[in-house]
Amino acid sequence: MGKIVSKDMFRTEIRPRIKEQNKKIILCHGVFDLVHPGHIIHLEQAKAMGDVLVVSVTAAKYVRKGPGRPYFGDEMRMVFLEALECVDFVLLSEGYTVDDIIEVVKPDIYVKGEEYARPEEDLTGKIAEERALVEECGGKLCFTTGQTYSSTKLINTAMAGLTDEIRDYMSAFKDKYSIQDIKRYAELIAQCKILVIGDIIIDKYTYCDIQGLMTKDMGYSARMREAEEYLGGAAAVARHLSSFSSSVTLMSIVGDEERYKEKFSRELSRRMELCLYYSEKVPTLVKHRYLSREKKREEYRKIFAINNIPAQLGYEDNVVLEFSNKLEQKLSEYDVVFLCDFGHGLINQEIMELVQKKAKFLVLNCQTNSSNHGLNIITKYTRADAFSVDQQELKLAFPVYAGNESQALQTLAQHLNGKGWLTRGSQGAYGIEGKQIWDCPAFTLNVKDTIGAGDAFFAVAGVFAAVEAPVEMGTFVGNIAGALEANIVGNKEAVEKVNVLKYANTLMNV
């Protein structure tokens, strides 16, 4: 029997045999993306605390260090550890936490590196929970001491884990800011009361296998595989924000379909307060995309899209009045308001003026899409404390500056009297405050789906701005959020605070 074993085998066969021999079990856990001298020191010190050393490795799908990590796959990382003499058994942990392994191994001692003995350096905030579970299983938590290294830093620098552009950017960035600075602003956000206003959109994805062109018409023939529905629009923005603050309210008008009412309650009500009004005239907005997947990698190509947006937009007067009255009552309660104007009829002139007048801190996004192209321009607003636009939206606002994005962005910032961002896809993003512009590169060029990446940037950059974080830092964390969301299909999952912090920590290891 080799050292790499299943959890079931360890629980039913190996652990009983070890305990019969009255031996002490030691457990270490990590990603172990690149085994280095620091790991060996750590594991040897851990082995000296007992008799049998078990090492568990986080499965790749649960590693939260950003796109492209881990650098090595599950099997290779376990083989690295199996080759070490001090290691007795290697297990694969299949979860974001180590709970599954602790419950199987029931270690006498669970060993972490000395950096985890300092609570302020624990980005996940899970050490206390791990200690409690270990003690519940009859063990105790201990820490090793010794010289530390970083797998992430070695991969980022020696193994080209990051491009030269990103390494140069991060070298300059970390001279100004630390991960503790970012964490400190994240803690301030946790105290914020946040209101999100805007259209809730159902993103329906139908996955197909392309068979070819139709024999008698100019169109694709495809075999349907499956369909899923994700919550997009203002709901996606609110979900991102609810990971940073426990006090998020989402206000919107939606259709009165029972199945969507149930979906909103099931998927949103536990994370935020819902303040929804129902229209019998206008349905809940659905954008239906048909996609095919690349056979050799997880990339998706959109074939066709349809939507149910009415040609003549307009909710019932009584519903809009009820919504407006409630909004006017609640606005003063919130530290920051996110206005998500998708141009589908919810944000009328009265609501625009009300929010601009009464929001304590206003974060604005005014989107251009195929159904409102040229009709929903951000310059219809005159105030935003922070804003986010993409390149197309900026060009529509200032077509005369089409060849000079920096100048156009500066003009928009002056018009809105605020600070903000221009998202530039694979080119990264610009951040602006006053006359100062910061240029941040994209942190990943490998994407699954760009739908939702801009909303993730808007949510995370905007909420950092609301707690007075520097615009340069907002650009950095916003680009992280965009990179993470670009590796999630549609709005299937929200960007989580812990993933943003861990990816930031990964990038800062240069």
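Analyst: What follows is a chat about the cores, rings and charged pairs of this predicted model.

User: Which residues touch the most other members in the largest nonpolar core?

Analyst: Met170, Ile182, Val196, Phe338, Phe443, Phe464 and Phe476 do. That core has 74 residues. Helix H15, residues 453-466, gives the largest share, with 10 residues.

User: New topic, rings. How many aromatic pairs does the structure hold?

Analyst: There are 16 aromatic pairs. Phenylalanine 10 and phenylalanine 89 form an edge-to-face pair. Their centres are 5.9 Å apart, and their planes are at 75°.

User: Where in the chain do phenylalanine 10 and phenylalanine 89 lie?

Analyst: In distant parts of the chain. Phenylalanine 10 is in helix H1, residues 7-20, and phenylalanine 89 is in strand E3, residues 89-93. They are 79 residues apart.

User: Is phenylalanine 89 buried or exposed?

Analyst: Phenylalanine 89 has a relative accessible area of 12%, and buried means under 20%, so phenylalanine 89 is buried. Phenylalanine 10 is buried too, at 0%.

User: Why is the pair of tyrosine 260 and phenylalanine 264 called stacked?

Analyst: Their ring centres lie 6.5 Å apart and their planes are at 20°, so the pair is stacked. Both residues lie in helix H10, residues 258-268. They are 4 residues apart, about one turn of the helix.

User: Which residues do ring pairs link into a cluster?

Analyst: Tyr169, Phe173, Tyr177, Phe443, Phe476 and Tyr503. Phe443 and Phe476 also came up in the largest core.

User: What lies over the face of tyrosine 278?

Analyst: Lysine 261 does, at 4.5 Å from the ring centre. Elsewhere, the charged end of arginine 184 sits over the ring of tyrosine 185, 5.9 Å from its centre.

User: Now helix H2. Which residues are buried there?

Analyst: Helix H2 covers residues 37-47, and Gly38, His39, His42, Leu43 and Ala46 are buried. Seen down the axis of H2, the buried residues fall within an arc of 125°, so they line one face of the helix.

User: Last topic. How many salt bridges does the structure hold?

Analyst: The structure holds 23 salt bridges. Aspartate 108 pairs with lysine 19, with the closest N and O atoms 3.0 Å apart. The two are 89 residues apart. Aspartate 108 is in the loop between helix H4 and strand E4, while lysine 19 is in helix H1.

User: Which residues do shared partners join into one network?

Analyst: Lys7, Glu94 and Asp100 are joined by salt bridges that share partners.

Technical notes. Residues numbered from 1 in each chain as written. Predicted model: local features only at pLDDT ≥ 70, side-chain atom pairs only at ≥ 80, totals over all residues. Heavy atoms only, no water. Core = buried A, V, L, I, M, F, W, Y, C linked by side-chain atoms within 4.5 Å. Buried < 20%, exposed > 50% of the residue type's maximum accessible area, 1.4 Å probe, protein only. Phe/Tyr/Trp six-rings, centres within 6.5 Å; stacked < 30°, edge-to-face > 60°. Lys NZ or Arg CZ within 6 Å of the ring centre and 35° of its normal. Arc of directions from axis to C-beta. Salt bridge = Lys/Arg side-chain N within 4 Å of Asp/Glu carboxyl O.
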